[in-house]
Every structure is written in structure tokens, then in C-alpha cells.
Amino acid sequence: MRTVLLSALLALSLTNPTLAQSGKTSHALSLIGAPKYGPDFKQLDYVNPNAPKGGEVKLFAIGGFDSLNPFIPKGDEAPGLGLIYETLMVSPMDDDTSEYGLIAESVEVPEDLSWVAFNLRAEAKWADGKPITAEDVAWSFEQIQKHGDPQMQLYYANVQKAEVLSPRKVKFSFSGPRNRELPQIMGQLPVVQKAQWEKRGFDRTTLEPWTGSGPYRIAGLEANRFIVYERRSDWWAKDLPVNKGRYNFDRIRYDLYRDTTVTLEAFKSGQYDFRRENIARVWATGYDFPAAQQGLVRKEELAHERPSGLSGFVFNIRRAKFQDVRVRRALTLAFDYEWTNKTFFFGGYSRSNSYFENSDFAARGEPSAAELKLLEPFRDRLPKEVFGPAYQAPVSDGSGQDRRNLREAARLLKEAGWDVKDGKLRNARGEALDIEFLLSDPTYERIVAPWAQNLQRLGVTLTMRTVDSAQYIARIRSFDYDMIFSGWGQSNSPGNEQRSFFSSAAADNTSSSNWIGLKDPVVDKLIDAVIYAPDRDSLITATRALDRVLTWGQYLVPGWSLRADRIAYWDKFGRPNKTPKNGVDFMAWWVDPAKAAKLAGAKP
């Protein structure tokens with residue numbers, strides 16, 4: 001998520017140069033104009049402030065866990081750990097381009113964006129009753145910067161230092177050009193108790209429960225099997241406007257499963273209460289079971305307005321065989337999305353054509369004059385298509401083996417130096433074009449298999465290898481894969497996270513999200529243009545230019561998206577009348593005692 005200043009601050013800065021030294025104090029930071037909620041707001045619009053507290057909810061997660069430390073790259077963290085710690089500021093789901101004070105009561109930012117200071121709430125306390133101090137905040141930042149996930153280190157690349165100005169005031173100074181995102185990035189900083197973590201070691205994995213300042217504490221766990229959280233009745237922040245009506249469940253339990261098929265069967269038998277369904281076939285055919293027929297289980301599709309980002313079959317261009325764009329384009333042509341959508345997805349998805357799908361940041365039509373100004377200096381280093389219409393994924397006849405697309409794919413492969421010899425596509429050195437598709441979820445095997453058949457017609461051998469989550473993570477971190485199914489989520493204001501996604505600096509970083517292995521100085525320059533965009537219009541221009549370069553680079557076979565959340569749940573819940581624009585906020589739901597009692601009596 002990006003960051004900027006309040007529009008009021010920006011307006012003041014034009015007439016008051018002393019703001020570069022003094023800063024403007026506010027309750028919130030906003031990316032687009034003024035924040036939705038003013039300084040005196042009482043609650044979020046999409047919650048029920050009188051929601052009853054109580055009850056237990058059971059959820060699920062795929063995989064396993066061997067650590068309760070979510071801040072470092074070592075180990076597999078348990079699900080739900082965000083329930084026990086807090087950040088300086090928080091973004092509600094109906095205003096994700098703004099941040100409002102949580103641990104911080106107010107925030108100060110100068111006109112030149114060279115620093116940000118947070119004033120902590122006097123009532124902010126750790127679970128042991130001790131106050132949260134500026135020293136805790138500064139120490140948390142220093143530890144994450146030193147030992148944390150390398151993605152976070154890229155995120156904080158331009159944060160020069162943290163200073164404790166008083167027991168309740170901390171300041172972060174920035175380096176480099178004006179970066180409108182950095183104040184809000186620091187608002188997202190997780191804060192832990194220095195005294196507690198100095199003893200246990202911030203850089204170590206652990207299965208010893210710890211406490212933070214958040215709404216829940218860990219009540220029990222068994223590694224790789226389950227973890228239970230218990231709501232804190234003494235939580236210091238329960239009456240803050242950003243929290244009223246949320247975190248209503250007394251207990252939240254996550255059970256761990258290894259297989260997605262098993263998770264559905266567990267849901268049908270009432271082993272857990274709520275699930276988001278990401279498989280169109282299962283959504284269309286998998287919920288016709290007795291409890292659903294009797295109305296004990298509900299299923300709904302709720303539209304949202306959040307950006308979709310992009311996912312798909314990602315090429316690892318660290319491999320020599322994928323470094324020619326013609327090869328990547330040819331392999332993309334062999335994937336028949338139209339047939340796949342009809343056969344496997346029941347027509348439920350739309351093809352994605354942008355890394356910023358379903359947002360203003362997606363490239364469209366011909367490049368604007370402002371986009372061309374960014375792109376022209378690199379014309380000799382970019383595909384000519386970048387300067388024409390925005391990328392559109394190949395369209396097939398829906399037959400499953402579109403001959404026209406396969407002929408074009410064969411032509412591109414031959415042009416790139418690959419010829420069929422003894423039924424196998426080989427290069428001049430005699431090396432076969434063999435591809436291993438690494439998967440952690442067998443669900444995708446049925447989607448990849450027809451593509452593999454089309455590739456076989458071209459002389460390409462694609463094999464699928466499905467491994468458990470631990471092996472998958474280990475191989476991803478060591479770049480030991482040809483292709484994976486993955487992608488990048490995006491926000492309503494792209495920014496510093498693009499470095500972790502696509503920058504040269506992230507390509508050799510074992511914990512980054514640069515799955516592609518992309519090292520392109522042009523992309524690096526455009527990422528900087530996104531990060532240092534001085535206003536919203538410039539941000540849109542820079543992001544669309546970046547989108548053109550990425551999409552025409554053909555670094556993945558584009559996938560599909562849905563502008564709705566598919567949810568299914570056992571009918572024991574109450575929920576607010578309004579769903580926020582960015583999707584379901586399950587933590588604003590509650591257990592309805594009457595429904596829960598009725599359900600308990602009706603369950604077999």
C-alpha cells in the first residue's frame with residue numbers, strides 16, 4: 001500500500017515553508033484528498049458497534065507451522081498471528097488509501113516528506129499492563145530492518161533512522177527523493193515489546209506463546225495441527241473508533257490441513273465454520289450437500305471493488321530457456337483460456353490482462369503523451385508493442401487446441417532457434433525444451449494438464465511436480481523451479497512494494513516476491529517513477545507505463561480474476577448490514593446466540 005499526506009497538509013505546504021521543519025499534526029494520512037473519516041468519528045460505517053461478544057469460530061489453513069515469529073524469514077508461521085500484535089496506524093476496508101491512528105494518536109509530516117513522527121496514545125498498553133513506548137517502536141523497526149523478512153528490508157530501503165524524541169514520540173527520517181509513500185509505510189510498522197523480545201531473541205523461531213498489544217492472546221497450540229486465540233477482555237484499544245464492533249469472537253481456532261479436497265469435506269461435516277471458495281468448479285458443484293440443502297450452510301457471492309492484481313503461470317527467467325520473449329509468447333499461445341474457463345470454471349472468471357487489473361492503474365488503449373514521456377528514453381530497449389495498444393492475452397476458438405494459435409507458437413519457437421528433432425523441441429546445442437511445473441496444490445494439476453498436451457504437440461515436454469508446503473517454500477526460496485502458479489496482489493495506490501515484486505535488487509533476494517527473476521534497468525526506473533510520483537495523476541501515468549513494459553515482457557501466462565468474494569458459512573453468525581467496498585471483513589461478524597443454539601440442535 002502507498003502513502004501520502006493529507007490534502008490539507010499539501011495545501012498548507014504551498015504557503016508555509018516552515019512545515020519542512022515543523023510538520024502538520026493529524027489523526028490520519030490519506031492518498032486521495034481528505035480521509036473518509038474526520039478526527040471526531042465514532043465508528044467505521046460498515047460495523048455494528050453494538051455487536052455482541054462471545055462464541056467460538058473455527059477456521060482453517062492449508063499447510064503447517066513450526067514458528068510463532070511472523071517477522072523473520074525463518075520457519076513457517078502459524079496462521080492468525082496478526083491478532084496478537086498491532087501497528088501504529090490502520091486502514092479500514094472502506095478507505096484503504098487512508099490510515100488512521102491505532103497505537104499512534106496522531107502523526108506529523110513535513111511538506112518536504114523528509115520524516116514522519118508518531119505521537120503514541122497514553123492509554124496504549126501491552127498485555128502485561130505496561131505502556132507502549134517510543135523505545136518499543138524504534139526497537140521494533142531496528143529489529144525488522146536487521147533481521148526481518150528481506151521484503152520488509154526493501155520496503156524500508158529509504159528509512160534512514162529512528163529517533164526516540166520522548167517516551168511517547170518517535171521520529172523516522174528518510175533518505176533519497178521525496179517519497180509520498182514512506183509516512184504511511186511507517187504507519188504499518190508492527191510493534192512488539194522490547195523487554196519481552198530481547199529475552200527471547202527477535203531473530204529466532206519459537207513455539208513459545210508470546211503476548212502483544214492486540215485483541216487476542218494465544219490460548220493453545222500444537223505445531224502443524226492447530227492454534228487457538230482467546231479474546232482479551234482487558235484489551236486497551238477495544239473502544240477506539242477503528243475497533244468498535246470488531247473482534248467479537250471469544251475464541252478463534254485455526255485447524256491445519258494438507259489437502260484442499262479434505263478441507264471441503266471437513267467444512268461439510270462442520271469441522272470449521274467459514275470458508276472463502278477460490279475454485280469455480282467447487283463453487284458450482286461442491287455445495288450441494290445435506291446441510292446446505294437444509295439451509296444450515298449459506299453460500300453467497302459478494303461483489304467488491306478492490307484491485308485484482310495478476311496471477312498466472314510464472315516463468316522463472318533465471319533459466320536460460322525462458323530468456324527469449326518469443327519462447328514465452330509461444331508457450332502463452334498454447335494455453336487455451338477460453339476452453340479452460342468453459343470446461344473447468346463454468347464461465348465464472350474473466351481473463352486478466354494487467355498487473356493492476358480492476359483498477360485505474362491498468363494500461364489501456366494507446367500510451368498517453370505523459371506515458372510516452374516516461375517510455376521514449378528506453379525505446380531501443382523495449383518491445384515495439386509497448387508503444388502501441390495495451391496488452392491483451394491471446395484469444396482462442398475455445399476448442400482446446402486452437403490450430404491458428406499453435407501454428408503461431410511453432411513459428412515463434414522456430415524463430416527463436418528451437419526445432420523439432422526426434423519428436424522433441426531442441427535448440428542448436430541439442431537441449432530439449434523440457435519444463436517442470438512446481439505446484440503445492442494439486443487443484444491446479446487439472447488446469448495445467450490440457451496445456452501440457454498442447455505443448456506436447458509443439459514438441460515441448462511439461463511435467464507437473466506437486467510437493468508439500470515445506471518443500472515448496474524451500475524450492476521457491478532457492479529459485480529451484482521452472483514455472484509456478486503465483487502472482488502479485490495490488491492496492492489502490494501502488495508504491496514501494498513494487499521493488500519486492502519486480503526490481504533487480506529483489507531478483508536474487510530469496511524472500512522477495514520477484515518470482516520471475518526480473519533484472520531490467522528500465523523496470524527499475526519505472527518503479528522509481530511510481531514510488532516518487534508527486535501526485536495521483538503522475539502515479540497513474542507511471543504505473544500504466546510500468547504495466548505496459550511488464551505485460552509486453554510476457555513473463556507469465558496470464559490467469560483469471562473474479563470481482564467478488566465467494567463465501568460459505570454455517571449459519572451461526574450475525575453480520576453488519578453493509579459490506580465494505582474492498583470485500584468481506586469477517587472480524588466485523590459475530591456469533592448470534594440464537595442462531596448458534598438452533599444450529600447446534602439441527603446438526604447431525
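1. The protein chain holds 20 helices and 28 strands; helices (H or I, at least four residues) and strands (E, at least two) are DSSP runs, numbered from the N terminus. Its radius of gyration, taken over C-alpha atoms, is 25 Å, close to the 25 Å that the globule rule gives for 604 residues, so the chain is as compact as a globular protein of that length. That rule is 2.2 Å times the number of residues to the power 0.38.

2. This is a predicted model, in which local features need pLDDT of at least 70 and side-chain atom pairs count only at pLDDT 80 or more, while totals for chains, interfaces and linings use all residues. Residues are numbered from 1 along each chain as its sequence is written, and side-chain values use heavy atoms, with hydrogens and water left out.

3. The C-alpha trace of the protein chain spans about 75 × 70 × 45 Å along its principal axes. Of the 604 residues, 57% count as buried, meaning under 20% relative accessible area (1.4 Å probe, protein chains only).

4. Contact means heavy atoms within 4.5 Å. Among contacts between residues at least 6 apart in sequence, 73% join residues at least 24 apart.

5. Arg200 belongs to helix α6, which comprises residues 194-200. Is this residue buried or exposed? Arg200 is buried, because its relative accessible area is 15%. Leaving aside residues up to four places away in sequence, Arg200 touches Thr206, Glu208, Pro209 and Trp210.

Terms used: Buried < 20%, exposed > 50% of the residue type's maximum accessible area, 1.4 Å probe, protein only.
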